[in-house]
Protein chains: 2
Amino acid sequence: MNICRTKAELKQQLSDLRKDGKQIGFVPTMGYLHEGHASLLRKSKADNDVTVLSIFVNPLQFGPHEDLDRYPRDEKRDVAIAEECGTDLVFIPSVQEMYPEKPLTSVIVNQLTDRLCGASRPGHFDGVGTVVSKLFHLIQPNRAYFGMKDAQQVAVIQQMVNDLNMPVEIVPCPIVREPDGLALSSRNVYLSAEHRLQAVVLSKTLQQAMKWANEPEMTVERLLAKVKVNIDKASEAVIDYAELLYYPSLQAPEPVALLQNLKQPLILALAVKFGATRLIDNRLLDAMEVSEHVQNDDEVQASPGNRYGSEPELCR
Amino acid sequence: MNICRTKAELKQQLSDLRKDGKQIGFVPTMGYLHEGHASLLRKSKADNDVTVLSIFVNPLQFGPHEDLDRYPRDEKRDVAIAEECGTDLVFIPSVQEMYPEKPLTSVIVNQLTDRLCGASRPGHFDGVGTVVSKLFHLIQPNRAYFGMKDAQQVAVIQQMVNDLNMPVEIVPCPIVREPDGLALSSRNVYLSAEHRLQAVVLSKTLQQAMKWANEPEMTVERLLAKVKVNIDKASEAVIDYAELLYYPSLQAPEPVALLQNLKQPLILALAVKFGATRLIDNRLLDAMEVSEHVQNDDEVQASPGNRYGSEPELCR
């Protein structure tokens, strides 16, 4: 496995790897890898001749009061995980390498980005769109792999790729969860022991909501009310948002609409704070129509055999 | 020479042409080709194995009160010129083909676009950045050719390419002029006979300004005052802007600065209206430093041997 830190090295290595029409799979990350990232690397490895991982904590997608400075990092461990997953090339650029001068150009996806995490984190998706564009241009992958935990990010990037005719296939991959249901996230290490216990309320509520959604008279607003009541049972939980939207358009159905009358795929998306730590999770109500890649009813669990869980005790 | 009208045909044709590592040169245009476009095609032909021309009048870069509907078109003549210039492939998509749905994504270059034509035509450069991104992704050229008549466009696109790490070399090419000095433009056909005569004031003023700029006590504001007085001598000319800026940063020097003390390349850029027709022209004061491709002191003239002048009598 090769590691490169500059665009020039990357270009050189890729031009060697790309020879003979080899297919390139790409997994962009901010590092501090967990089993969710590992599942993307393994999927890329299975689909392509060459797998490229990038590790870059992108300042553009952090707000001024967000956790850029304390975002967890462990390059040595990341490199070991990448190697075990059969990654061919790891690109670990510095901020200076990615932004040698103040960039004047932004790739902006409108409409999809003014809700959910876009509303809570203004400018976040402009930073995501811009850095993903840069990485796509630098690596020119045939396929790029993204986890559905960041479902809005997947929708935004797919829209960007479609609108700008980028020659890359976006492959959404299932959420990977701890045995108790918590969605894996690099930010889970921030949680105190008590918050970690309570954080399971997100996945439990999503699971419960799938049952409520099948009740005959269930409306959008009634479902969301039940979801919020359920989350509030966790004493430390502070809801940022709980929304039911069409996916991937992220348009809101009428609050009074009966769920059984809504034909398109819907996403139930949650963002909940525990102290300073903001967790997100989601579930698709009609997964099969969203993407053949996403198997929502059959989500992956980080079992004991999957070593890269994000439980605090496993991570540091 | 092949003509294709869909993204699918284009992809197929390019994949054949790209084999064996062939170098692709690309000339994006809005059609109604003149000798300026022809010079870009010939330059691409000389530099690359394969030359691709696109003809697309991009609605995104026209304002609501601009000349989208009456923009001149002559596909048959364009195709003949392209063929004579040795073009390999012409891409002529419909609006529906380029924008099958309302695009939500914009590629926006800040700062460079809030002045000159960007100030006069709000949103124009967002449309340019977005469509050029799309075309670059569809064609994936090694080099792309742009005329320096649209000097701000060249600066904006070069900035976009740098900021987003697009794998394409931008090649700026010299302005091509009528024998009397008028810069070639598809919009020159709009000019009445009287306006056509007066329109020479742009190039004559730029030429004169090169001499004024060498006067020992000449300042930015004094030069611009002389430029404006000179243009106003044409009775029908209405100045939109006349500015002296650093190039390609498009930052303004101090008005009181002595030109002889300004070390960086400068551009003198003009936009002048004759009736409803808005013409632009420019000259670099220190051309050699801007780009080795641009030979400002040696601008190309559309001589009688160059058949694709935009003189009204030659065009229709």
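**Notes on chains A and B**

Q: What follows α3(B)?
A: B:Gly86 follows α3(B), and the phi of B:Gly86 is positive, near 85°. Helices (H or I, at least four residues) and strands (E, at least two) are DSSP runs, numbered from the N terminus.

Q: What kind of model is this, and how is the numbering done?
A: It is a predicted model, in which local features need pLDDT of at least 70 and side-chain atom pairs count only at pLDDT 80 or more, while totals for chains, interfaces and linings use all residues. Residues are numbered from 1 along each chain as its sequence is written, chains are lettered from A and ligands numbered from 1 in the order in which they are written, and side-chain values use heavy atoms, with hydrogens and water left out.

Q: Back to α3(B). Which residues in it are buried?
A: B:Arg77, B:Asp78, B:Val79, B:Ile81 and B:Ala82. Buried means under 20% relative accessible area, exposed means over 50%, and partly exposed is in between (1.4 Å probe, protein chains only).

Q: Which strands does α3(B) go between?
A: Helix α3 (residues 75-84) of chain B forms a right-handed β-α-β unit with β3(B) and β4(B). Right-handed is said of a crossover if, with the strands pointing away from the viewer, the path from the first strand over the helix to the second runs clockwise. Another right-handed β-α-β unit consists of β2(B), helix α2 (residues 35-47) of chain B and β3(B).

Q: OK, β3(B) then. How is it paired with β2(B)?
A: In the parallel sense, over six bridges, with β2 covering residues 24-29 of chain B. Two strands pair if DSSP finds at least two bridges between them. B:Phe26 has B:Val52 of β3(B) as its bridge partner.

Q: And how many bridges to β4(B)?
A: Three, and β3(B) runs parallel to β4 (residues 89-91) of chain B.

Q: Why is β3(B) described as largely enclosed?
A: Because six of the six residues of β3 (residues 50-55) of chain B are buried. B:Val50, B:Val52 and B:Ser54 point one way, B:Thr51, B:Leu53 and B:Ile55 the other, and all are buried. In a regular strand the side chains alternate between the two faces of the sheet.

Q: Switching to chain A. What is the strand order in the open sheet there?
A: The order is β9-β10-β11 in chain A, three strands with antiparallel pairing. At the edges are β9 (237-246) and β11 (277-284) of chain A, each pairing on one side only. The twist averages 15° from one strand to the next.

Q: How many bridges between β9(A) and β10(A)?
A: Nine, with β10 spanning residues 266-274 of chain A. Among the bridge partners, A:Ala237 goes with A:Phe274 in β10(A).

Q: Which helix lies across them?
A: Helix α10 (residues 220-232) of chain A lies across β9 and β10 of chain A, at about 155° to β9(A). The axes are lines fitted to C-alpha atoms, for helices over the stretch in contact, and angles run from 0 to 180 degrees between N-to-C directions. Contact means heavy atoms within 4.5 Å.

Q: Where does UniProt place the "binding site" feature?
A: The unreviewed UniProt entry puts "binding site" at A:Gln61 and A:Gln153. They are spread over 93 residues of sequence but cluster in space, the largest C-alpha distance being 11.6 Å. UniProt positions are given in the numbering used here, feature names are shortened, and annotations may be inferred rather than shown by experiment.

Q: A:Gln61: buried or exposed?
A: A:Gln61 is buried, with a relative accessible area of 9%. A:Gln61 lies in the loop between β3 (50-55) and α3 (75-84) of chain A. Its side chain makes a polar contact with the side chain of A:Asn58 (2.9 Å). A polar contact is a pair of N or O atoms within 3.5 Å; within protein, one must be able to donate a hydrogen and the other to accept it, and residues adjacent in sequence count only if both atoms are side-chain atoms.

Q: Where is A:Gln153?
A: In helix α7 (residues 151-163) of chain A. A:Gln153 is buried, at a relative accessible area of 16%.
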